[in-house]
Amino acid sequence: MATTVRRAVLSLPAAPLGPDNPLPALRAPDGVHVLDERSQGGLPRDMARQIGYEPLRSLLPVQVRDGYGRERAERDFEAVVMENAHLRVTVLPGLGGRVHSLVHLPSGRELLYRNPVFQPANFALNGAWFSGGIEWNIGATGHTTLSCAPLHAALVPAPDGGVLVRLWEWERLRDLPFQVDLWLPEDSEFLYVGVRVRNPHERPAPVYWWSNTAVPEDPGTRVLAPADEAWHFGYERALRRIPVPDREGADRTYPGRSAYPADFFYEVREGERPWIASLDADGTGLAQTSTARLRGRKLFVWGAGEGGRRWQEWLTEPGSGGYAEIQAGLARTQLEHVRLEGGAEFSWLEAYGPLAADPAAVHGADWPAARGAASAALDAALPRERVEAAYEAWRGCADTEPGERLATGSGWGALEVLCGGHELPGTPFETAALGPEQEPWLELWRTGVFPAPRRVVPPGPTLVAAHWRDMLETAPADPLTEYHLGVAQWHAGDVAQAVRSWERGLALAPSRWPLLRCLAMAEALAGDPERAADGYAEAFADLAEESRGGEAWTAAESALGREAMTALLAAGRLPQARAVWDRLRPALREQGRFRLLAARLLAAEGHAGAARRVFEEGFELPDLREGEEVLAEVWSSLTNRPLPQAYDFRMSPPPL
C-alpha cells in the first residue's frame, strides 16, 4: 500500500481558547522548573553550565494565553492524515503540529494517549496547553508557547519518491526558525520525524528541544530506556541522581508506582543507542528512537496521589484513563539549554512505532534483562543503521522548497525574514502571512515611525529583540512608542531606562493605563508593594473610564483587574480592592480567578463565612497553574476542614 496524505477534519468537544492577555508579560516565568540552589553542587560540569545558560528573563515578546474556559462544545479542527499499510498518523497543524493519533493498523491499536477532548490548561510557558499525542517543545524549559498556535504546513517530496508533511514556524522566545518533517515511507512500521533548528543570526543562541509523547498509563505498563541511573526532579525542585529501576522500595519504571508527580531523566550511557519504550503487560506498546543528537530521555509521571489524579481529570474528562509521558531531548535534563552558534543548525531524525518484546523478560525483576529484551526487539524492528540511513536521506531534502500548502502559521517569521534579510531554504516565511499585528512594526522598519492606531484600542504586542529596540530608540518619542520602548528595555534588563521611558510617555499619553500598569509592575518587582498598589489602583480606574465594548477591552479589564486586586490585597488596601471589584463588568465577576479574589477579599474584610460560601457554591480556575496551590492555601486560611476534592491540585509531597 502506497503512503497517502490527505486533509481531514477532526471533531472534538472543545473549550474556547479565547483572547490573549493584552498586558506585556514582564515577569519572569514561575519557578516550577527552577532548580533549588542547594541541588546545584556536585552536578556534572557540562550539565551545571547548561542549567545556568541563558534562562528566560521574561516571556516577551510572546503574549500570555489565559482567555480559555472549560465549557466545551463540538468543534472542527483541520487535520492532515498520513497512512500506509502499517500506520495511520493524524496531525493537527493548527495546534502546534501535534500528532494527535498514531494507530497501528494491523492490530487496530492506538499507540498514543489520545485525548478525547480539547481542553486548554495552564501548562505551557505562556499558558494554554493541552494533553495527549506527540508535541514538539522548543524555546525554553517547559511546554512551548506554540502549543495551541498554528504552524505553517505543506507537502514536500520525500526521499523515497513519496511525500512528507513539513511543519515550520519562527520560535519567538529565542528568535529561531525550526522545521519538523513527518515522513512515513511506504513499507515502514515507523513514522520518521526529521527536525531542524537554525540560528540565522551572528550571535549564539540557547536552544531547548524536547519531543513529548503521551502514552496510556495502564496498571501493567513499564517504561524502559538504556540506563541504570536517572536524574529525579520533583516539585520540591531538587535534582538527584538515583538508581534505575528501584527507589525507596518501589520500581519507578512503572508509572503507577510513584506517589507524586516527578520527572525521571535517564542517564543514557555514552555510545548507547538512544531510545525509550512504553510496553504494557503483554510486552507491546510504543518505541521512540533517534539519531545521537537527541541524547536525552525522560519519563514523567503524575503519581498516584489525589493531586495527580485530579490534574489528569482536569485535562480531559472522567473515564478517559491516565497517561504518562516519554520524552526525548537535546540535553540530559529539561533544565538545560544548549548553545547554538551563529549561522549554525541542529538537526536529527526520530522514529516512532510499535514494539513487541518478550513480556516475561520485560516485566522480570532483572533490569538489565528487561532493558536488553526491549533493546533487542527494537534492533530487530528498526535497526540503528536504518535510522542513520533515513537521516542522511532526509537531509538531502531538508532544503527542498514546499509544494502544496496545507496550513498557515503566524506572520512573525515573515516580518523577521523581511527585515533581517535571512535566507532559509526549505522554510519560506512569505509576506502573504503578514497580518494586522505585524503592520505597525513593518511601518516602523520602513519609515522609522511607529504609527498611532486609527482608534483607541489596547496596545498590541511589543517586539523586544535588539534590532527592534534600536528602531524604537530612534523613532519619534510619542507616548505609544515610549510604551513599547520601555517594554523592550525591560526585556533587555535595563530596568531604570524602561521606567524612564514609561514615565516620559505618561506625561502626554491619551491612554494612561498601559503605562501606569507597567510602572506598577516595576514597583512590585522592586519590592515596594505600597507604591505598586497605588499604581495599580490608578491604572484600573483609568482603564475603567476608557474601556469600550468588545473582546479586546474585556480581556484588558480582566487581566488588569486580576493584577490590581491581587496587589491591593497584598498591600492591605481593602477599600481600593473593593472599588476595583465594584467597577468590574458583571460577567467578569463570574470568572474563576475573580471568584477566588472575591473569597480572599471577603476574608480580609472579616467575612470568613461568606468567603467559605464562595467555595461551597463552587467555582473553577481554568488557568490554574501547574504546581500552583493557591486554592489549598486560601481554603486553609478559612477553615480547618479538609480541602474538598474538587479543589485539590496539590502536587508536592508533604513537608518532612
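This is a predicted model: local features need pLDDT of at least 70, side-chain atom pairs count only at pLDDT 80 or more; totals for chains, interfaces and linings use all residues.
Reader: What makes strand β14 largely enclosed by the rest of the structure?

Author: A residue is called buried when its relative accessible area is under 20%, and seven of the eight residues of β14, which spans residues 209-216, are buried, so the strand is largely enclosed by the rest of the structure.

Reader: How do you know that β14 pairs with strands β8 and β24?

Author: Two strands pair if at least two bridges are found between them. Strand β8 (residues 134-138) is joined to β14 by five bridges and the two run antiparallel, with W136 having S211 of β14 as its bridge partner. Seven bridges link β14 with β24 (residues 323-329), again in the antiparallel sense, and here P216 has Y323 of β24 as its partner.

Reader: Why are the buried residues of helix α10 said to lie on the same side?

Author: In α10 (residues 495-508), the buried residues are A498, S501, W502, G505 and L506. They cover an arc of only 140 degrees around the axis, which puts them on the same side of α10. A507 and L508, on the other side of α10, are exposed, a word that requires over 50% relative accessible area. The buried residues of α10 pack against α9 (479-491) and α11 (513-525).

Reader: Which residues lie closest to the centre of the second largest pocket?

Author: This pocket has a volume of about 1300 Å³, and of its 48 lining residues, R27, N122, E563, R593 and E628 are the closest to its centre. Helix α13 gives the most to the lining, with six residues.

Methods: Residues are numbered from 1 along each chain as its sequence is written. Side-chain values use heavy atoms; hydrogens and water are left out. Buried means under 20% relative accessible area, exposed over 50%, partly exposed in between (1.4 Å probe, protein chains only). Helices (H or I, at least four residues) and strands (E, at least two) are DSSP runs, numbered from the N terminus. The arc is that of the directions from the helix axis to the C-beta atoms. Contact means heavy atoms within 4.5 Å. On a 1 Å grid over the protein atoms alone, a cavity is a set of points where a 1.4 Å probe fits but cannot get out, and a pocket is an open set with protein on both sides within 12 Å along at least five of seven lines; lining residues have an atom within 4 Å of a point. Grid points are joined across faces, edges and corners, and a volume is the space filled by probe spheres set on the points.
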